[in-house]
Amino acid sequence: LVTASLDRTWGLHDISNSTVLTLVSIDEPGAGHAAVSFHPDGLLLFTGGQDNLVRIWDVKSRKMVKSLPGHSGPVTSLSFSENGYHMASASDDATVKIWDLRKLKVAHTIPFEGGAMVTSARYDFSSQFLVTAGTSVNVYRAKGWEPVHSFTDHSAISTRAVFGPDSRFIASSSMDRTLKIYA
């Protein structure tokens, strides 16, 4: 299990015997982690920071190998495409950035206009679609990033949205204390 914290640490844990395998700290003020995710190859760990940066860590050496600037607000969510070539990062700056990890550059930005919030972004298992949560739950086609559908059923901010198995449904949770299933 991997955890990340606003206290500027991330850790690997063995839940079978409740031990901390490693705890890594970053010595940069304001660099607390709000998001964490393993790259599909398992060799890299990505964290999203309160200081607006996405950081790439080598898991074996526990060293930061690169930081990716691009957001102007804390990074709240990270999700990888199936092949690991792309990553979506959601931020309090009301954007989702699509990163080309082969070039370590932003390939596309999805803006959320008019004070809309975005709290998370998740690829489906085939990486053909991306779902975002926030003021509404939105689905985008990964080719061209055009919107496919928007759901506005929650009465408060949606905190997370994910695709179900084989992308047969989308589940979203909200500050309105509900879980919605869209099939």
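The dialogue below goes through a sheet, a hairpin, the cores and the aromatic pairs.

Q: What kind of model is this, and how are residues numbered?
A: This is a predicted model, in which local features need pLDDT of at least 70 and side-chain atom pairs count only at pLDDT 80 or more, while totals for chains, interfaces and linings use all residues. Residues are numbered from 1 along each chain as its sequence is written, and side-chain values use heavy atoms, with hydrogens and water left out.

Q: How do I read a sheet, and which strands form the open one?
A: Strands of a sheet pair through backbone hydrogen bonds, either parallel or antiparallel. Strands are DSSP runs (E, at least two residues), numbered from the N terminus, and two of them pair if DSSP finds at least two bridges between them. Here the open sheet has four strands in the order β8-β9-β10-β11, with antiparallel pairing. β8 (75–80) and β11 (105–111) are at the edges with a single partner strand each, so one side of each has no neighbour in the sheet. From one strand to the next the twist averages 20 degrees (axes are lines fitted to C-alpha atoms; angles run from 0 to 180 degrees between N-to-C directions).

Q: How many bridges join β10 and β11?
A: Six bridges link β10 to β11, and K97 has T109 in β11 as its bridge partner.

Q: Which residue of the β17 and β18 hairpin takes a positive phi?
A: R177 does, near 70 degrees, in a hairpin with four residues between the strands. The antiparallel strands β17 (residues 170–174) and β18 (residues 179–182) are joined by four bridges; A171 has I181 as its partner in β18.

Q: Which residues touch the most other members of the largest nonpolar core?
A: A nonpolar core is a set of buried Ala, Val, Leu, Ile, Met, Phe, Trp, Tyr and Cys residues joined through side-chain atoms within 4.5 Å; buried means under 20% relative accessible area (1.4 Å probe, protein chains only). Among the 15 residues of this core, they are A88, V96, I98, I110, F112, L130 and W145. β12 gives the most to this core, three residues. A second, separate core has 11 residues, including V54, I56, V75 and W99.

Q: How are aromatic pairs described, and how many are found?
A: A pair of aromatic rings is described by the distance of the centres and the angle of the planes. Rings of Phe, Tyr and Trp (its six-membered ring) pair if their centres lie within 6.5 Å; planes under 30 degrees apart count as stacked, over 60 as edge-to-face and the rest as tilted. The whole structure has four such pairs. One of them, F46 with F80, is edge-to-face at 4.8 Å centre to centre and 75 degrees between the planes.

How values were computed
Buried < 20%, exposed > 50% of the residue type's maximum accessible area, 1.4 Å probe, protein only.
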